[in-house]
Amino acid sequence: MRLTVFGSTGGIGQEIVRQGIEAGHEVTIVARDPAKLPEGLAGAAFHEVVRFDDTAAVRRAVAGRDAVLSGLGAGGRKADGITERLTGQVLAAMEAEGVRRLVVVSAAPVGPAPADDPLRDRLTRKVVGAVLREVYADLALMEAALARSATDWTSVRPPRLTNGPRTGTYRKVVGGTPRGGRVIARADVAHAMLALIDDPAALKQGVGVAY
């Protein structure tokens, strides 16, 4: 497939690019600062690298693609609406070029909590939600923008992220959140995002993923 990846310098974005190339996809990278690509990816077999601040180049980067994947995120406790704003630019480029398939990363607290979640997990969610309130609010606004868009979007919602290896073994709940799901590796989030591209059940849905 022909894929375009936004947020490719982040942990999940790097994994999407790496795994996409390994799977034989043609991968175009869009980055706010291509100089920040890690050394291991800088020499990879990309189709093209595009700067995010070049609107015309971004439109060309999504034109005719089979899917667009986004690892965009705040990267800290202060969001300042960055994920909603940057994703809005992605949506504008896709809609201008008539490209429909979009898979983005969000977070488990943006989705519904399992009704039977253990008490420990409910308490942890409240504490983490208070600390990262701004980040989750930004992601919720991003998801609202997705829902208003003309794209065939999927929002992948992981819990706490780790730098563990890709296992390919994790739970997935379309429209919900795995019960007791506490962690997942960035590499497996990327694996899930790539696997969901062709899953019709995931269209216009949030998908919870966790071990």
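Helices here are DSSP runs of H or I with at least four residues, numbered from the N terminus. The model is predicted.

**Stop 1: Gln19**

Select Gln19. It sits in helix 1, which spans residues 11-22. Is Gln19 buried or exposed? Its relative accessible area is 6%, under the 20% cut-off, so Gln19 is buried. The Gln19 side chain reaches the backbone nitrogen of His191 at 3.5 Å. Gln19 then touches Arg166, Ala187, Ala190, His191 and Leu194.

**Stop 2: helix 7**

Next, select residues 186-196. This is helix 7, and it is mostly covered. Of its 11 residues, 8 are buried. Colour the buried ones: Ala187, Asp188, Val189, Ala190, Ala192, Met193, Leu194 and Leu196. Ala187, Ala190 and Leu194 are also among the residues that Gln19 touches.

**Stop 3: strand 10**

Move to residues 205-210, strand 10. How many of its 6 residues are buried? The count is 5, so the strand is mostly covered.

Look at the strands it pairs with. Strand 6 covers residues 152-157 and runs parallel to strand 10, joined to it by 4 bridges. Then show strand 8, residues 171-174. It pairs with strand 10 in the antiparallel sense, over 4 bridges. Pick Val174 and find Val207 of strand 10 opposite.

**Stop 4: salt bridges**

Switch to charged side chains. Side chains of opposite charge can pair when their charged atoms come close. How many salt bridges does a search of the whole structure find? It finds 11. Visit three of them.

*Arg65 and Glu26.* Select both side chains. They meet in a salt bridge at 3.0 Å, N to O. Arg65 lies in the loop between helix 3 (55-62) and strand 4 (67-70), and Glu26 in strand 2 (residues 26-31), so the pair ties together parts that are 39 residues apart in sequence. Arg65 is buried, with a relative accessible area of 7%. Glu26 is partly exposed, at 30% relative accessibility.

*Asp152 and Arg100.* These side chains also form a salt bridge, at 3.1 Å from N to O. The pair links distant parts of the chain, 52 residues apart. Asp152 belongs to strand 6, while Arg100 is in the loop between helix 4 (82-97) and strand 5 (101-105). Asp152 counts as buried, at 18% relative accessibility. Arg100, at 42%, counts as partly exposed.

*Asp199 and Lys172.* Select this pair next. The closest N and O atoms of the salt bridge are 3.6 Å apart. Again, distant parts of the chain are linked: Asp199 is in the loop between helix 7 and strand 10, Lys172 is in strand 8, and 27 residues separate them. Asp199 is buried at 19% relative accessibility. Lys172 is partly exposed at 41%.

Salt bridges that share partners join Arg2, Glu26 and Arg65 into one network.

**Stop 5: Thr83**

Select Thr83, in helix 4. Why does Thr83 count as buried? Its relative accessibility is 2%, and buried means under 20%. Then list the contacts, not counting residues up to four places away in sequence. Thr83 touches Leu72, Gly73, Ala74, Asp138, Leu139 and Met142.

**Stop 6: Ser70**

Finish at Ser70, in strand 4. At 4% relative accessibility, Ser70 counts as buried. Which residues is Ser70 in contact with, leaving aside its neighbours within four places in sequence? They are Phe6, Val103, Val104, Val105 and Met193. Met193 is one of the buried residues of helix 7.

Key:
Residues are numbered from 1 along each chain as its sequence is written. This is a predicted model: local features need pLDDT of at least 70, side-chain atom pairs count only at pLDDT 80 or more; totals for chains, interfaces and linings use all residues. Side-chain values use heavy atoms; hydrogens and water are left out. Buried means under 20% relative accessible area, exposed over 50%, partly exposed in between (1.4 Å probe, protein chains only). Helices (H or I, at least four residues) and strands (E, at least two) are DSSP runs, numbered from the N terminus. Two strands pair if DSSP finds at least two bridges between them. A polar contact is a pair of N or O atoms within 3.5 Å; within protein, one must be able to donate a hydrogen and the other to accept it, and residues adjacent in sequence count only if both atoms are side-chain atoms. Contact means heavy atoms within 4.5 Å. A salt bridge is a side-chain nitrogen of Lys or Arg within 4 Å of a carboxyl oxygen of Asp or Glu.
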